[in-house]
Amino acid sequence: MSQPNYTIDFRAIESAEQDLVGGKGANLGRLTSAGFEVPPGFTVSTTAYRDFLRLTGLDAVVEQYCQEFDYDDPSGLDDLTTKLRSELTSASVPPEIAGAIAAAYGGLGVDAFVAVRSSGTAEDLAEASFAGQHDTYLDISGEDAVISAVKRCWASLWTARATAYRARNGIDHGGVAIAIVVQTMVPSQVAGVLFTGNPMTAATDEMVINASWGLGEGVVSGITQPDEFVVAADTLQILTKRLGEKAVMVVRDPAAGVGTVEADVPGVDRSRFCLTDAEVARLAQLGRRVTEYYDRIPQDIEWALVDGRLFLLQSRPITGVPFAWPEDLEPWQKYSDPDAVWSRAWSDAFWTGAITPMMYSYRAKCFNEMYSFAMKTYGVTELVKIPWMKYYKGEAYYNAAAEPIIARTFPRALRNGLLETATPPEKERAATEPMNVRGFLKWHARSLLDPTMNPIQYVNVMMEKISGDTSRVDGLTADQLSALSDRALRRYCDDLVDFEIEFCLQNVSMMWIAPYLMNSLAHMVEKWAGMGPETFGALVTGNPERSATSDENLWLWRLARKLHADPELRALFADNPDGAFFAAAQTHPTGATWLAEYREFAAVHHHRGHADRDICLPRRCEDPSIDYNSLKAFLTADDTHDPESTEQENTRRREAAYAQVLSKLRGNFLGAVKAEAFKGVHAEIMRVYVYRDHMRYYIDRSTYSLRRGILELADRLVQRGLLNSVDQIWFLGFDEVYDLLEGRVNLALTQAKIATRKADFDAIDSQDVVRPAFLQQNRELTFAQESRDDSTGVLHGYGTSPGTVIGTARVVKSLKEIGKLSQGDILVCHATDPGWTPVFLVIAGAVIETGGMLAHASCLAREYGFPAIQLESAMQRIPDGATIQLDGNTGQVTILEERSATPAA
């Protein structure tokens, strides 16, 4: 009978078997095998733990205790688990297990100093982060001390917090075993943690480094405020750095020569960064390598620096953070600007509704090409090399730096419509700065040379284009698409994307001509004619000629009136909501006639009907129930709401306002000139309006053709087992889909992207959340004009978990005082450790004095989804019982009401 595998070297083949070596052990085995510089060590296997219980008879003891646990009685649970741990640690380790541990330890060197850490089989998994539930012992030396530490780690599987954690997460006690990592200690001068995705902002193109003097335990345990560096993942550029206090460090006990103690950091070292910029870059490079090794899933890495040598101590997935990899949707983004300010206003105006990653990946590419082309053509050199678009949690953002510069090229009176995306300070500056006359003349001289940019010609040119051959935008049928090879199907989709890019480039004048004309008209009405906004509104109401969109709406209205006129059919409509009506109408005497006309309507306008224009939404030819609610709304209206009557009334109002303005202008100084200018501007606005409706209808045809191609791609990916459902394709970009199609498969990353992106999309689609108006470095940027300090009740800290909450502050000096906390309170303390974990089930926020982003409180706050802030001297600055507001996004604590509240019983 072969000897059981009680110890497994990091270099062994079995070192990656999680059931045998646990989460930490498996990661260290994989990293060692992959060639990373990991300090040597071994894992005491789960087999050793199970045989320890079996050979000592403790397995029956453990089972009996498990039956007695009462999770509603924290005090009783603590008593029982304390007794169980005592029985485990007092038992002797069977000789065969102790001998195996001693032999493996001897292989690390005579009396080597080691770290002994638990490695749970359910630990370090993305779905259940144990957040330090089990024990760690540092700087252990000698066989007996190592075996004793192993035993204590085994016992830590049965602390009250670990036991309750398993119960809360549905993890069966009987199926859980624990392995123990024994790893050579690294006497680091500097150590810390590297997040290869930003856990505060969920940015996967940023890394965050926390670093301090001494051993990494000072950072990991949260007893010191570390230095922090935020690094761009692609360029290794340091985006921001923050000097931490670094008041204490963890070092080997100089008196005992073994074990660790906390020591004060000399003042000179507190006031300087513990890493050079070059060392930060080395760390970030290591982070990139580790992340690539782990299929680009962001990692939480522990590291140490010794005499310039960089060691990788541990790596695990970052948990509790909704990473979405938005940069993978923008392979076309040629330029970067980490300090760019991004505005949602552009999408609010032009791209409403939730935006799928698929739609963004190609439509934003079109806009990006359009804006870059326009800046180059118009000679606006400041804006040629800037990033234009950004995807953020279901919304498209636009670079807010662009339009103020453009606006300054125009007369001040006409700038309002060109400043929609600008920040409030930029709007103020652009509204008053002198006009750039030279730029204005150069701009328009260039535009006159190109008919698609010439404000006089481009509408005619484009109307001719969209009225011509439509074979390219109408695409192929479903049968034709299914017959294509993968390569031909990709060419089909790429051709339609290229068409939209070409179309965007030809529409570049629309970006500024429409608001420029509207501002000019408003100026004429107000300043020249002395008339109010009502007149201006009447002038821009309705269209002088019917567009394809108005034809569509009128036809649907007439179908509704026919429904309204037939009581039986109207009853059938009411009794069969949504798509059921269209099926029921087939067998109804007059319904069949009505349905035939509806089908004729749907054949002509097949590519329309959806609320927003996102490509993920079905069109009426795919789902006629789309029109049910429109018809239902029309049925409630009377004949006075007839679109034709409304159109006639709009025309009457517009023509009356037009005549009034002309009359006013002609009576002014230079009246004839002003009247002609007014007529020309108004006529151009009307032409732009008509073209805009035709253009949107036209481009929707192309989008629907592309949608059919994407659905064919989705079918193929589902059949090959690369997607779980057809709808998942909307949460990937084109390049990501092509990677799957062509065999560049990373299914773990693909599914992680889809899950987060879908949640972000659904939150916008259901209108549960509103994204910030402005972003910078993936954080909300606000422009409040007030500046407050402590005297006005605002304390400025550092956000470590996002979100906002209002609650009662409870200053808790030690774990003994946690009984003063009630549901919804905000914990204010120096720091927490895993023993504090139960309070996180009841609190609504946390303010800690030290620890940074990796502090236990910060990690748990992010996991539980409430805000946390690090604020120096918080326990002195926040009154116990005060009503406070936390803003984890900005790091602000606002004291709303200072009062001494009586703690709840």
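How many residues of strand β16 (residues 395-399) are buried?

1. Five of the five residues of β16 are buried, where buried means under 20% relative accessible area, exposed over 50% and partly exposed in between (1.4 Å probe, protein chains only). Strands (E, at least two residues) and helices (H or I, at least four residues) are DSSP runs, numbered from the N terminus.

2. This is a predicted model, in which local features need pLDDT of at least 70 and side-chain atom pairs count only at pLDDT 80 or more, while totals for chains, interfaces and linings use all residues. Residues are numbered from 1 along each chain as its sequence is written, and side-chain values use heavy atoms, with hydrogens and water left out.

3. Strand β16 pairs (at least two DSSP bridges between two strands) in the antiparallel sense with β15 (residues 389-392) over four bridges, and Y392 has E395 as its bridge partner. The two strands form a hairpin with two residues between them, and K393 in the turn has a positive phi of about 50°. Strand β14 (residues 341-343) is also antiparallel to β16, over two bridges; W342 is partnered there with N399.

4. The whole structure holds 43 salt bridges, each a side-chain nitrogen of Lys or Arg within 4 Å of a carboxyl oxygen of Asp or Glu. One of them joins R608 and D700 at 2.7 Å, N to O. Because R608 lies in the loop between α25 (591-604) and α26 (628-635) and D700 in helix α28 (residues 671-719), the pair ties together parts 92 residues apart in sequence. Both residues, R608 and D700, are buried.

5. Within helix α28, E684 and R687 are three residues apart, about one turn of the helix, and their side chains form a salt bridge of 2.9 Å, N to O. E684 is buried at 12% relative accessible area, whereas R687 is partly exposed at 26%.
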